[in-house]
Amino acid sequence: MISGLRAWLRNERRLGVTHWTIQRAAAAADTDPVPSVETPIMASSVEPGGLPPLCDRELSESEAQAALAQLDETCVRGCERCGLHKHRTQTVFGVGKARPELVFVGEGPGADEDRKGIPFVGRAGQLLTRMIAAMGLTREQVYIANIVKCRPPGNRTPNEQEMSACSPYLFRQLAILRPRVIVALGRPASQTLLQTTTAIGRLRGEFHDFPPPGLAYLGLPAIKLMPTYHPAYLLRSPGEKAKTWEDLKQVMRLLGIPIPPRHA
Ligand code: URA
Ligand code: SF4
């Protein structure tokens, strides 16, 4: 346990994680109970090393903003945890309010996002922005991120290995953001966040608990997650837009956002 911690701290320093984090982690190590045999940690649920600790409390808006910037600058920007780093112009961390009620999670940056460093700014992004507006919200009132932070070549779907290398960053973002609801856009985001292989067409339309049992080790407070279709899919299949609107209306109801009469 202790030698594991030392190795982890060494890794932290190598990654340039600040002294503040190291001190906090060292202090926590003094008081952390040794995991008891009744609560085994599944090997598959333990994240690989070299990652900063998860934020373990609610932060204010400004604290959350600083914590997000630190995660981006010290860990994500120079990340080479998977092969996608070779193809990127820059990483695309996420944008929006640091303590939002609602977070949207997509798949990964496309060409426009890779160029600008901002998620959902291309054609699919413009549709997402309209969906957010239809909910009576602005992009500034929510947070928008992706499962992978680097553009997959040719906009292919990120593979399992890339998603499991990168999703710990998203989990750390979520631990800082602490929204009330997550909207997972499309199959990769929905399946990764819910740790399931169920098809998106069957997942969407109802709320799921996040974190799912497979991610309980993250120790995050329970919230609701709505899977829905990805805006890029809706551009190809506009006939499915009505279903996504039904999903978003459920999210609005949960958040107490009034639904315009013509949409009710
Ligand atoms: N599609 C995504 O999933 N994410 C983006 O940021 C842009 C397009
Ligand atoms: Fe790192 Fe994620 Fe980029 Fe892979 S996709 S190199 S894990 S930031």
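Q: Which residues are buried in H7?
A: Pro188, Ala189, Ser190, Gln191, Thr192, Leu193 and Leu194 are buried in H7. Buried means under 20% relative accessible area, exposed means over 50%, and partly exposed is in between, with a 1.4 Å probe and protein chains only.

Q: What kind of model is this, and which residues count?
A: This is a predicted model, in which local features need pLDDT of at least 70, side-chain atom pairs count only at pLDDT 80 or more, and totals for chains, interfaces and linings use all residues; side-chain values use heavy atoms, with hydrogens and water left out. Residues are numbered from 1 along each chain as its sequence is written, while chains are lettered from A and ligands numbered from 1 in the order in which they are written.

Q: How many helices and strands are in the protein chain?
A: The protein chain has 10 helices and six strands. These are DSSP runs numbered from the N terminus: helices are H or I with at least four residues, strands are E with at least two.

Q: How much of the chain is buried?
A: Of its 264 residues, 47% count as buried.

Q: Back to H7. What covers its buried residues?
A: The cover includes strands E2 (102–106), E4 (181–185), E5 (208–210) and E6 (223–228), along with helices H6 (160–177) and H8 (200–203). H7 itself spans residues 187–194, and seven of its eight residues are buried.

Q: Where is Thr198, then?
A: Thr198 sits in the loop between H7 and H8. Its relative accessible area is 29%, so Thr198 counts as partly exposed.

Q: What does Thr198 touch?
A: Leaving out residues up to four places away in sequence, Thr198 touches Gln191 and Leu203; contact means heavy atoms within 4.5 Å. The Thr198 side chain also makes a polar contact with the side chain of Thr196, at 2.9 Å. A polar contact is a pair of N or O atoms within 3.5 Å; within protein, one must be able to donate a hydrogen and the other to accept it, and residues adjacent in sequence count only if both atoms are side-chain atoms.

Q: How far apart are Thr198 and Arg187?
A: They are 11 residues apart in sequence and 8.9 Å apart in space, C-alpha to C-alpha.

Q: New topic: Arg172. Is that one buried or exposed?
A: Arg172 is buried, because its relative accessible area is 5%. Arg172 is in helix H6.

Q: Which backbone oxygen does its side chain reach at 2.5 Å?
A: The Arg172 side chain reaches the backbone oxygen of Pro52 at that distance, and the backbone oxygen of Pro168 at 3.0 Å. Aside from neighbours within four places in sequence, Arg172 is in contact with Glu47, Leu51, Pro52, Pro53, Leu54 and Leu71.

Q: What surrounds ligand 1?
A: Gly106, Glu107, Gly108, Glu113, Pro119, Phe120, Asn146 and His230 surround ligand 1, each having a heavy atom within 4 Å of the ligand.

Q: Which side chain has an N or O atom 2.8 Å from a ligand 1 oxygen?
A: That of His230. A polar backbone atom of Glu107 is 2.7 Å from an oxygen atom of ligand 1, and for a backbone N or O atom of Phe120 the distance to a ligand 1 oxygen atom is 2.9 Å.

Q: How much of ligand 1 does the protein bury?
A: Taken alone, ligand 1 exposes 240 Å², and the protein buries 92% of that. Accessible areas come from the Shrake-Rupley method with a 1.4 Å probe; for residues, only the protein chains shown count as cover.
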